[in-house]
Amino acid sequence: MNILALILLLICGHKTSALSPQERIVGGVEVPIHLTPWLASITVHGNYSCSSALITSLWLVTAGHCVQYPDSYSVRAGSTFTDGGGQRRNVVSVILHPDFNLRTLENDIALLKLDKSFTLGGNIQVVKLPLPSLNILPRTLLVAGWGNPDATDSESEPRLRGTVVKVINQRLCQRLYSHLHRPITDDMVCAAGAGRDHCYGDSGAPLVHRGSSYGIVSFAHGCADPHFPGVYTRLANYVTWIFNVLENDRKINMTYKN
């Protein structure tokens with residue numbers, strides 16, 4: 001079964017009808033946005049920087065290291081391209097996880113609030129969140145983003161690509177990264193495939209199975225290095241935090257309206 005067929009299989013069940021050096025896709029294929037309608041690109045001053053995923057029409061989730069510095073961020077959803085099409089919104093609030101560590105990339109997660117909700121439908125849909133603290137992961141998942149297809153590619157125009165990866169045994173991943181003195185915690189997930197991985201530019205992209213996100217692209221050593229799989233923030237461990245942020249924001253807005 002080829003990669004595109006696997007991608008279609010993983011997406012089955014989702015309602016698709018209704019640069020700084022961060023991590024990009026290796027060993028994948030170009031995919032149209034209607035197959036990944038939850039995906040949105042993040043730009044800074046008009047330049048593509050990272051990926052993100054819609055969790056509501058007004059909020060997105062991404063990697064903390066993508067938005068660690070105060071700046072003018074905007075996001076575009078519903079388009080295969082990062083510089084046109086779909087719908088564009090400005091980010092008015094960045095909520096970094098309080099325990100985010102830039103050096104180790106522990107708790108590498110952030111929430112983005114928009115100035116105006118996206119109009120959902122067609123090529124713009126929300127991704128489903130996993131159950132809080134869910135320890136069981138699908139074996140095979142999809143990762144897609146606008147990164148370069150290999151570490152040496154200097155392509156100036158980001159193209160949306162996707163690939164299929166498999167979850168790597170946690171203890172094995174910890175052993176591998178111990179050679180680099182990089183901690184792999186229980187809040188992380190490791191996944192890769194033969195010649196397939198995220199790479200420079202894919203940071204913040206969701207790790208998806210049948211319309212549910214289980215991870216966020218965080219880091220890797222190189223791109224598709226057989227000795228070092230890609231590392232993702234384990235999203236299930238942060239669902240309660242996400243809900244608390246959204247609920248607090250709702251209460252604040254209700255207070256202002258009253």
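I looked up alanine 53 first: its opposite residue in S4 is valine 61. The strands here are DSSP E runs of at least two residues; helices are H or I runs of at least four, and numbering starts from the N terminus. The model is predicted: local features need pLDDT of at least 70, side-chain atom pairs count only at pLDDT 80 or more, and totals for chains, interfaces and linings use all residues. Residues are numbered from 1 along each chain as its sequence is written, and side-chain values use heavy atoms, with hydrogens and water left out.

Next I checked the S3 partner. Strand S3 (residues 47-54) and S4 pair antiparallel over two bridges; pairing requires that DSSP finds at least two bridges between the strands. I noted a hairpin, with four residues between S3 and S4.

I then followed S4 to strand S7 (residues 110-114). Four bridges join these antiparallel strands. Tryptophan 59 has lysine 113 in S7 as its bridge partner.

Which way do the S4 side chains point? I found Trp59 and Val61 on one side, Leu60 and Thr62 on the other, and all are buried (under 20% relative accessible area; exposed is over 50%, partly exposed in between, with a 1.4 Å probe and protein chains only).

S6 and S7 pair antiparallel over five bridges. There, valine 91 stands opposite leucine 114 in S7.

Last, I looked at histidine 65. I located histidine 65 in the loop between strand S4 (59-62) and strand S5 (73-77). Histidine 65 counts as buried because its relative accessibility is 8%.
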